[in-house]
Structures are given as structure tokens and as C-alpha cells.
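Trainee: Could we go through this structure together? I would like to start with the overall picture and then turn to a detail.

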Amino acid sequence: MSARRVLGTLWGRARWWSGRAMRLLRERRPRGAAVLCYHRVGAGDDEYLDGRVPATPPGRLEEHLRLLRSAGLRPMAVGDLLAAAGRGDDTRDCVGLSFDDGFRPWMTGVLPLLKKEGVRATFYLVEGSVGADRLLWHHRLYRRLQQDGEELLASLRDAVRNRPWAREGDPLAALKFRAPAAERAEVLERILPPDPSEAEAARALYLSGDDVRTLAREGMEIGCHGRSHASLPTLDGETLRAEVVESQARLRDLAGTPVSTFSYPFGGPEHRTEAAESLVRATYASACVTDFARWTPDRTPHRIPRLGMADTPAWELAWLLAHPRIS
Ligand SMILES: [Zn+2]
């Protein structure tokens, strides 16, 4: 078979599948609502995050919004979804839209699109990154890994030798997810030499205070994603309070709006403890996690599952939204 025919057949199949996914989405409305979780959207001088932070080109986000509209679905902020559920509305047509971390390229790659479509979304910001002239600890690590990964991993192995939390498995995962926060900071100071270009990188990557005010003024919901993006089980009581409670107060002052929703850093069940969850419940009306499922109004609003989006084709999103097994 010629290459042209093979391509023609593949194209035909893709069209068939995408047509089928769209038909399914129009005909089938599984119970509850999907909440989509995006991270980096829009261009920026931050290629070092690629592969470690999911990236969505603005054109892809536009396709997603077009798909939702043509299927008769209503994209909305997490708070609006909960309000709809609270009124007893049918949430099967609702799709929550959320963006995690606080990336500056959202201002050009996301906000104009949402304004054009008249859509509100929830922006979960890492409070300590807003207007910062230092990269968040994990972004410093990723940047340095990109520059000289082998050398850095060798000094990391050396620095964590004999530490109880690094006895098993990958030392990088141990440092990110299991090291007590103070020890993690100490190891990072040791293995990451000062970088004079970091301030410029941080200003290009993160939202400024003015950006946060602009998002809020444009009607977007501001949520909190912690102070430093630490995995909450690695924190002592005082630091946990700073990450969950004090961060909320600063974001509220910056945005000039209430901040009543939280998104767990890293999001999975291993990044929550009973102590962390009870503090989150006492501080926020809702919280998002990253379990890949739909949210139904009979479930707690403090563990709203989300479907992670990257450069996800529209047909795949249609498929996910129509799929009853994701419920
Ligand atoms: Zn995050």
C-alpha cells in the first residue's frame, strides 16, 4: 500500500473515531460533572519545565472550548459548579475548568480566550510564586536538571545518602515527596548553586500581583494551591498552617476577592493526610485533587476529582467526557 493510501486510511479512521466520540458526547451524559485541570498554557521562555509540567498550546484550549460549546456543555469555575449543585441543578451539562500553579503565560494564552467565550474558570495559585524573584523549589530543580542532569543527580545521591526517607527508590522522588520540608530545603541549598538568571526566569514564569488582580477583576475565581507547592505530608504543623491558611489570606488581599477553594499540591492521595485534610476542610468550602474521575454532588466537595489535560486532542476529551466509567 502506498504511503498516501495508508495516511488516507488513518485519517479516515481518526475522523470516524472523532465523529463517534462527538455523537456519544451529545447522546450520553454521565452522572455528575467533569472538572478539567490544566497547567501551563501559552508560550514562554520556560522550556525546562516541559515533560515535567503538562503543557497545553492555546490552540488546543480553544478547540476544547469549541467542543464543549458544540456539545451543549457549560464550562464554569469550580465555585459555580458547586453553587449549581447546591441549587439542585442538573450538573451533567456542567464542566469545571481549572488551571493550576500560577503561570504568567496564562495572561495571553488563557484569559483572552475565556473572555471571548464569556467563560469563568478557577485559577489555583501557588501563593509564594506570585511576584516572586525566585523559582519555586521544584522548578529550580527541573531547570537545573535540564542544564546538567547527570552532575546534579550525582550530587543529589551523595547529599541524601544515609537519610532515612531516601533509603529506597529514586532519590529525586524521595527528595520531592518524602523529605521533611526543612531537610529538603537544606539539601537543595547544598546541591543547587546560586543562579544569577533565576530572578528573570521567575518573573517570566509566574503571575505578578497585578496579574492576580486582573484575573479577579475579569471575574475569574482565585483558588489557593499552597504557599510553596510542598507535598503537605512533609510539613510540620506550623508550616502546614502557613501553606494552607496564611497563603489564603495573602491571596485574598492580592485578589480582593474571597479565596474559598484549594487544590492539593501534586494532588494524589499520597499527598494528603488526615491533619492536612481537616485543616483544608476548616479553611475552604471546596478542594480539588487529581484522582481521574467525575464529581457527583453526593460526594464531598473537599475531594473534587479532576481530569488532567495536556496537549489532549478534542476527540479524546469528547471521549473522556462521554465515558460513564469515569464516574
Ligand atoms: Zn501544581
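Predicted model: local features only at pLDDT ≥ 70, side-chain atom pairs only at ≥ 80, totals over all residues.

Trainee: Understood. How many helices and strands does the chain have?

Mentor: The secondary structure comprises 13 helices and 10 strands. The radius of gyration is 21 Å, close to the 20 Å that the globule rule gives for 327 residues, so the chain is as compact as a globular protein of that length.

Trainee: And what does the C-alpha trace span along its principal axes?

Mentor: The span is about 60 × 55 × 40 Å.

Trainee: What percentage of the residues count as buried?

Mentor: Of the 327 residues, 41% count as buried. As for contacts between residues at least 6 apart in sequence, 72% of them join residues at least 24 apart.

Trainee: Now the helix pair. At what angle do H11 and H12 pack?

Mentor: Helix H11, residues 237-255, packs against helix H12, residues 274-283, at an angle of about 15°, and their axes are 10 Å apart. The angle is under 35 degrees, and the two helices are therefore roughly parallel to each other.

Trainee: Is the crossing left-handed or right-handed?

Mentor: H11 passes H12 in a right-handed crossing.

Trainee: Which residues meet there?

Mentor: H11 contributes Leu240, Val244, Val245 and Gln248, while H12 contributes Ala275, Ala276, Leu279, Val280 and Thr283.

Trainee: How do the residues of that contact divide by type?

Mentor: In the contact of H11 with H12, 7 are nonpolar, 2 are polar and none is charged.

Methods
Residues numbered from 1 in each chain as written. Helix = DSSP H or I, 4+ residues; strand = E, 2+ residues; numbered from the N terminus. Rg over C-alpha atoms; globule rule 2.2 N^0.38 Å. Buried ≥ 20, exposed ≤ 12 C-beta atoms within 10 Å, placed from the backbone. Contact = placed C-beta atoms within 7 Å. Axes fitted to C-alpha atoms, helices over the stretch in contact; angles between N-to-C directions. Parallel < 35°, antiparallel > 145°, perpendicular 65-115°, else oblique. Left-handed = near helix turned anticlockwise from the far one by under 90°. Nonpolar A, V, L, I, M, F, W, Y, C, P; charged D, E, K, R; others polar.
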